[in-house]
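Me: I am new to this structure. Please take me through one part of it closely, in short sentences.

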Amino acid sequence: MTSLKRIGITGVSGFIGGHLKRNLEIRKELYEVIPFDKHFFSNHSLLEIWVSKCDVIVHFAALNRHNSESTIYSENVALVEQLINALERSGATPHLIFASSIQESKDNMYGKSKAEGRRKFEEWAHRNGARLNGLIIPNVFGPFGKPNYNSFISTFCFKLINEDAGRIVAQDGRVKLIYVQDLIKIILKLIDEPRESKKIKIPYSIEVGVYEVLERLEYFHRVYILKGEIPCLKSKFDYDLFNTFRSFISLERSYPFFLRKNEDNRGVFVELVRLGVGGQVSFSTTKEGVIRGNHFHTRKIERFAVIQGKAQIKLRKIDEQKLYSFDLDGDNPAFVDMPIWYTHSLKNIGEGDLYTIFWINEAFDPNDPDTFLEQV
């Protein structure tokens, strides 16, 4: 029986750290995430115990923004020094992965703190015969980023969805971006297949204009938020950007999305999904009291529409406790879309069979289902 590789993540509650944690936890047969709390940095004994438990440590914890540039530098270097001191005192030599930045080459305190942190980790690795990978990471975007902190894309998405578009300040220019899930795949490969290189330049996913990104997000807002249509998505970047955009939607304010019911003496006609993409459409019947689902997706776009009967749709972000619940009735047709990383379920709460139409943007592939079981 293969033992689990024990992974520690500093900054685990942050944007990239949170994504890495979720990706590790859906591979429970391979990895064990060793819990980390930011207060460990102020408690020498707890930090020593923690580093001793880890086969791999991924160091994300850092201060990105602050009113004082000098505080950014001193805080980030201090975190590196505290981690090194704990490693030295405990004698632990885990594989260390340090998240640095392309800002290393810029004349700012954040970049300088990253360069200095990487230098200190290299010295520790050399002294102790340990493996270090210092990642030079381009600008990262993706779901659940913090507006006005992690990425301009997070800021744009948040403002558009919260009807604050008039306050968007965009400086034109081109920027090199990597989607967070692409970065996580690289880190997972480094965990599984360690490289000796102390410095690794992470390739960017795309180079794009800032105004071009804003125009695309404004299009998503017009089509998806105001009309309930799935927008035209022509490239991987479009899909990544759209899933990022969707992650900022307030579920309580957006769902159920009620559909136009056209009724005459012949009966009823309801348009369920207007698509700018392909995918797979299916329907199901569900017996009284039966629950379907209890799974989540990491990339797929999915819509549930009830056309007959009564249903209760529940959703929960997988690393949170907050539960979202929506009751749908075929007499008043509506849909709910499933955000990525939200486990979801469908229950027949009416009398008789429940009829549901499902649309998903990918035909099912049993070799890559992107479907992970977890109770809502």
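Which residues line the largest cavity?

Reply: This is a predicted model, where local features need pLDDT of at least 70, side-chain atom pairs count only at pLDDT 80 or more, and totals for chains, interfaces and linings use all residues. Residues are numbered from 1 along each chain as its sequence is written, and side-chain values use heavy atoms, with hydrogens and water left out.

The largest cavity is lined by Y224, R246, I249, L251, Y255, D337 and P339. A cavity here is a set of points on a 1 Å grid over the protein atoms alone, where a 1.4 Å probe fits but cannot get out; lining residues have an atom within 4 Å of a point. Its volume is about 40 Å³, taken as the space filled by probe spheres set on the points, which are joined across faces, edges and corners. One cavity of 30 Å³ or more is counted. Five lining residues are nonpolar, none is polar and two are charged. Tyr, Ile, Leu and Pro count as nonpolar, Asp and Arg as charged.

Now to the strands. Strands are DSSP runs (E, at least two residues), numbered from the N terminus. Two strands pair if DSSP finds at least two bridges between them. M338 in strand 18 is the bridge partner of E302.

Both strands belong to an open sheet of five strands, with the order 10-18-15-20-13 and antiparallel pairing. Strand 10 (257-258) and strand 13 (280-286) stand at the edges; each has a single partner strand, so one side of each lacks a neighbour in the sheet.

Methods
1 Å grid on protein atoms, 1.4 Å probe; cavity = no way out; pocket = protein on both sides within 12 Å on 5 of 7 lines; lining within 4 Å. Helix = DSSP H or I, 4+ residues; strand = E, 2+ residues; numbered from the N terminus.
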